[in-house]
Amino acid sequence: METVLSGIRSTGHLHLGNYYGALRNFVKLQDEYKCFFFIADLHSLTTHPHPDDFHSSVKIILSEYLAAGLDPEKSALFVQSDIPEICELYVLLNMLAYKGELERTTSFKDKVRKQADNVNAGLLTYPVLMASDILIHRATKVPVGKDQEQHLEIARVLARRFNNLYGTEVFPEPHALSFGKDLIKVPGLDGSGKMGKSEGNGIYLNDDQQTITKKVMKAVTDAGPTKPNSEMPDSVKNLFTLLSIVSEPSTVEYFREKYNDCSIRYGDLKKQLAADICKQTLPIKERIDAIYNDDEYLRKAVRRGTEQARESAAATLALAKKAVGFKVF
Ligand code: TYM
């Protein structure tokens, strides 16, 4: 059976991008595959979170995983830093990752622009750590959003390079997985780009109805179409994309027709969008609130997953080290 693996950084609550790009697919996959789902706390260190917040961020993501429907009996749930083998593989793979190719990744260039005062080596080698997360379990299917596509390509390059250099087949090539024909990019509410944690343009799984409605009603639009069948500006396209993700196809069609004949009222579209988002996320929010305070349940949820992940990681690392030529005296 093929192995599915994915993770989400522990930096605050999950937003709709994380949910529709990743978590919702994790939940769907767990009945069909051998699944590993983890919380990427090491990856979150690139931005130097305060120690007082570090563990609670991990706890938030774990609660949200469980609230969204991940079942610890079906999937191995664990925290990245509890599997030290990942870091050991990261060292081995770093020797095969070239500065030039890492500097060319879109996510790195983006970070250099956004946090110019903190361009650390961990940011540069972020895709190598991610490759280690995946390859340590020899996972072949990785459910992620569109923004992670390039990181998956690097994971494949490193797997191939390792296998070729050491004359082994220890690492299979991992591929991004989505349910539709393409990987998803959930747009933000500010009229540009994708929904992100640092962009302040998101709706979070733990937002209440009032917050969601307020955010959606404030979403950027234009003055409205003046000619039939005119091209939509990006901001309006984004609202339609969101609508197509959370609402029934007939609802999207209804508003599309209204747009095309210039009778659309953005206020109506936004009300519908807010209501449909709430329908999807409020039941999850209710569960998050209960789970977050249940330490015993959280502890149990990761116990079995951590054991499984360590066993699987140790087995792969032993093969990789043997291939490199390590021997115990
Ligand atoms: P992170 O924490 O930034 O995002 C977690 C997941 O959410 C997806 N995502 C989106 N999908 C669609 N639209 C959006 N607006 C949107 N925003 C985020 C991301 O594509 C991702 O799937 N490097 C990863 C975490 C990671 C990982 C791994 C993933 C670490 N190791 C190994 C897979 C395998 C990250 O930062 O994701």
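## The ligand and its surroundings

How many residues surround the ligand, and which are the closest? In this predicted model, 28 residues surround the ligand. The closest are R9, Y126, D133, D147 and V186.

A backbone N or O atom of V186 lies 2.7 Å from a nitrogen atom of the ligand. For M195, a backbone N or O atom is 2.9 Å from a ligand nitrogen atom. Q148 takes part through its side chain, with a polar atom 3.3 Å from a nitrogen atom of the ligand. On its own, the ligand has 710 Å² of accessible area, and the protein covers 98% of this.

## Helix α9

Helix α9 runs over residues 149-166.

The buried residues in α9 include H151, L152, I154, A155 and R156. V157, L158, A159, F162 and N163 are buried in α9 as well. Just after the helix, G167 takes a positive phi of about 55°.

## Helix α13

Helix α13 covers residues 266-292, which is 27 residues. From its first C-alpha to its last it reaches 36 Å, close to the 39 Å expected at 1.5 Å a residue. Where does α13 have a kink? The kink lies at T281, shortly before the proline P283, and has an angle of about 40°.

## Serine 247

S247 sits in the loop between α11 (234-246) and α12 (249-260). Is S247 buried or exposed? Its relative accessibility is 10%; buried means under 20%, so S247 counts as buried.

The side chain of S247 makes a polar contact with the side chain of D276, at 2.6 Å.

## Cysteines

How many disulfides does the structure hold? The count is 0. Two cysteines can still be described by their accessibility. C35 has a relative accessibility of 4% and therefore counts as buried. C262 has a relative accessible area of 27%, so C262 is partly exposed.

Note on methods: Residues numbered from 1 in each chain as written. Predicted model: local features only at pLDDT ≥ 70, side-chain atom pairs only at ≥ 80, totals over all residues. Heavy atoms only, no water. Helix = DSSP H or I, 4+ residues; strand = E, 2+ residues; numbered from the N terminus. Expected span 1.5 Å × (residues − 1). Bend = angle between axes of the 7 residues up to and from the residue. Disulfide = S-S within 2.5 Å. Buried < 20%, exposed > 50% of the residue type's maximum accessible area, 1.4 Å probe, protein only. Near = heavy atom within 4 Å. Polar contact = N/O pair within 3.5 Å; in protein donor to acceptor, adjacent residues only side chain to side chain. Areas by Shrake-Rupley, 256 points an atom, 1.4 Å probe, with all protein chains shown as cover.
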